[in-house]
Amino acid sequence: MAASVLNKIEYIIMLVAAFASRSNVTEAQAYHYLSQYGALALCDKHYGIMHTLSFEENIDTLQAYCQRKGGKL
């Protein structure tokens with residue numbers, strides 16, 4: 001597997017873990033929530049930009065994105 005793909009996977013895993021920590025849910029629950037509301041697809045699509053921003057900013061963005069799609073966290 002290419003290094004760029006591994007870097008993207010590792011980054012998204014770290015975002016899910018940080019989102020879980022901030023939202024006081026398990027990582028599995030955070031993954032399901034982010035997947036359900038399309039935030040993981042957003043991360044995949046915009047990784048090139050997201051990885052240059054802070055985790056805090058990205059978590060804020062993911063939370064707002066999911067809330068606009070009907071999420072309650």
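Helices here are DSSP runs of H or I with at least four residues, strands are E runs of at least two, and both are numbered from the N terminus. By that rule the protein chain has five helices and zero strands, so reading from the N terminus you get α-α-α-α-α. What you're looking at is a predicted model, where local features need pLDDT of at least 70 and side-chain atom pairs count only at pLDDT 80 or more, while totals for chains, interfaces and linings use all residues. Residues are numbered from 1 along each chain as its sequence is written, and side-chain values use heavy atoms, leaving out hydrogens and water.

Now for the overall outline. The C-alpha trace spans about 35 × 20 × 20 Å along its principal axes. Buried residues (under 20% relative accessible area; exposed is over 50%, partly exposed in between, with a 1.4 Å probe and protein chains only) make up 32% of the 73 residues.

Next, the rings. Phe, Tyr and Trp rings (the six-membered one for Trp) pair if their centres lie within 6.5 Å; planes under 30 degrees apart are stacked, over 60 edge-to-face, and the rest tilted. The whole structure holds four aromatic pairs. Take Phe19 and Tyr33: their ring centres sit 5.8 Å apart with planes at 20°, so they count as stacked. Phe19 belongs to helix H1 (residues 3–23) and Tyr33 to helix H2 (residues 27–36), so this pair ties together parts 14 residues apart in sequence. Both Phe19 and Tyr33 are buried. Elsewhere, ring pairs link Tyr11, Tyr47 and Phe55 into a cluster.

Ala41 counts as exposed because its relative accessibility is 53%.
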